[in-house]
Amino acid sequence: MTDQTPGATALRTSYLGGLTAADVDRELSLVGWVHRRRLMAGDLTFLDLRDRTGLLQASVSPEFTDAAGTALARELGAEDVVRVTGTLALRPDPNPELPTGEVELRVRSMERLNAAETPAIPVYRGPEEELPSEELRLRHRSLDLRRPELQSTLELRHRLILAVRNHMDSLGFLEVETPILTKPTPEGARDYLVPSRVHPGEFYALPQSPQIYKQILMVSGFDRYFQIARCFRDEDLRADRQPEFTQIDVEASFVGADDILGWMEGLMSRLAGVGGAHATAPFPRMTWDEAMERFGSDRPDLRWELEITDWTEILGKVDSRILQGAVEAGGRIRGLMLRDGARLSRREIEAVEGRAKAAGAPGLLWAKRTQEGSSGPLAKFAGEEALDAMEVEPGDLVLVAAGSDGMTSAALDAARVPALEAVGVPVVQEHAWLWVTDFPVFEDHDGALGPNHHPFVLPHPEFIDSLEDDPLAARGAAYDLVYNGSELGSGSIRIHDAELQRRIFRILGLAEAEIDRKFGFLLGALKTGAPPHGGIALGMDRIVQRFAQVPSLRDVIAFPKTTAARALFEGAPTLVDPGELEELHIRVRTAGSAAD
């Protein structure tokens, strides 16, 4: 019968990390990597052995180790793979910082299972040592992944995904796999295209999401679907995105938004328990219009209470071309009141202003008051009377943006958290969950209409009749889940009527032939009797990142891409042999070459 001890195999008795004083006097065979080696006098050698569960000290001495093992211990290098056999004993010098620090293995015999070259990057990192550059670590990912921090994060990812499956199963959802090779459809980003060898000149697309397939599953009567789905988007370079990512994909029939939101609150509460966070349902809700007005963002960070204030009525009367010109052009004057912010230096204020400029603002006007008086560009424009009307007190700092709502919202959102952190304002809650609801159905893309979420969002009934006349006013049954200022997921109630769906496509500028070519299979399915349905997609990578509290998505993915969408470890993408290209009916033209 197979040994059921965790980690037990033909080569080992158990993992390293779980051994304690309760295991003293056990005869053990253990395996692992040589983490560190310490040579002592009298042929005494201490080895720190490592596996994914932790470290254990192995003591090698002529007193209890055979001659071959004693000699081998003096030759071992970092990251050599070894097997040691011996007796577990109490350490004469316990290490309270190590979970296995009470015990050590007194090695009787040892063999080297594999020798390692000198590591290109160190796996061990002391508390004062910096990591090698990220590019170097990604090139040597097999070594980088041995770091306990990464192994712990990927283990957390496993436990979170397992919790997702168990929770969704408990709610009666079925996990169904949808195709990876599919049809190109516009969903907001470019598709990765895959050429067909057997159908010359035709291409598959890798899915940006399983959106249409999960809707068709609802039409097919599956009622409740979920999937841990792999998705692909050929986007421009962005630091917080990966070209391939994982999402928790959910869809259900005969539901309203409250059903989806309630299920996801239960799921997040369960995942937060696994990830060391906290989530208590129900989560607060805020409409998109309210979020943009109060915080300038559709993913506001509610760990702080600071909101945007509209000072148009007060500052619009100030003798300033900048302020009056913004109002005359139809804009507003909005800003942030930072209590105790007057202690920030000019350099610190300029750093915050830099964040607003990066978000598209020409700059911020600011004023601060102290017991000695007021200072700053806004103070010069506005004067003491306007600052009094704004209720600026000694010790306060005011940051102001003037212009269109789109510009001022983006600028003040970008400045809000950096300003709060610079002032040192404490958070009012560590785990701030929020549903943002009732998003616009459409948005303006440089004069052309585009979908705000995607073109399958069901408009609210009061906007149905005026969709063509005033599309930008339409609000729909779409919702986003926000945690500490990060969007974790996005979903909606879908259009289940084929004619309404066709209207939406027309409003987006698609011709009838294009609608039928791209979405005919969906419209045909909706005509066969589609139930009301809706769902959501949650970003698994981002959930793990937030719960693990690591700075980059690349820290929660085993083999990530760089911001340039390159896989440095395996060297992808790469050139392909001309013969393979010919078999795929593809000819590559370099930039500047003449067209055929």
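Predicted model: local features only at pLDDT ≥ 70, side-chain atom pairs only at ≥ 80, totals over all residues.
**Entry 1: H4 and H15.** Residues are numbered from 1 along each chain as its sequence is written, and side-chain values use heavy atoms, without hydrogens and water.

I looked up the axes of H4 (residues 148–170) and H15 (residues 540–548): they come within 10 Å and cross at roughly 120 degrees. The contact (heavy atoms within 4.5 Å) takes in Thr153, Leu156, Arg157, Leu160 and Ile161 of H4 and Met540, Asp541, Val544, Phe547 and Ala548 of H15.

**Entry 2: H13 and H14.** I then turned to H13 (residues 498–507) and H14 (residues 512–526), which pack at about 155 degrees with axes 10 Å apart. That makes H13 roughly antiparallel to H14. On the H13 side I listed Ala498, Gln501, Arg502, Phe505 and Arg506. H14 contributes Glu512, Ile515, Asp516, Phe519, Leu523 and Leu526.

**Entry 3: H12.** I checked the span of H12 (residues 405–423). Its 19 residues reach 26 Å from first C-alpha to last, close to the 27 Å expected at 1.5 Å a residue, counting one less than the number of residues. H12 bends by about 30 degrees at Arg416, taken between axes fitted to the seven residues ending there and the seven starting there. Pro418 follows within four residues. Just after H12, I found Gly424 with a positive phi of about 85 degrees.

Note on methods. Axes fitted to C-alpha atoms, helices over the stretch in contact; angles between N-to-C directions. Helix = DSSP H or I, 4+ residues; strand = E, 2+ residues; numbered from the N terminus. Parallel < 35°, antiparallel > 145°, perpendicular 65-115°, else oblique.
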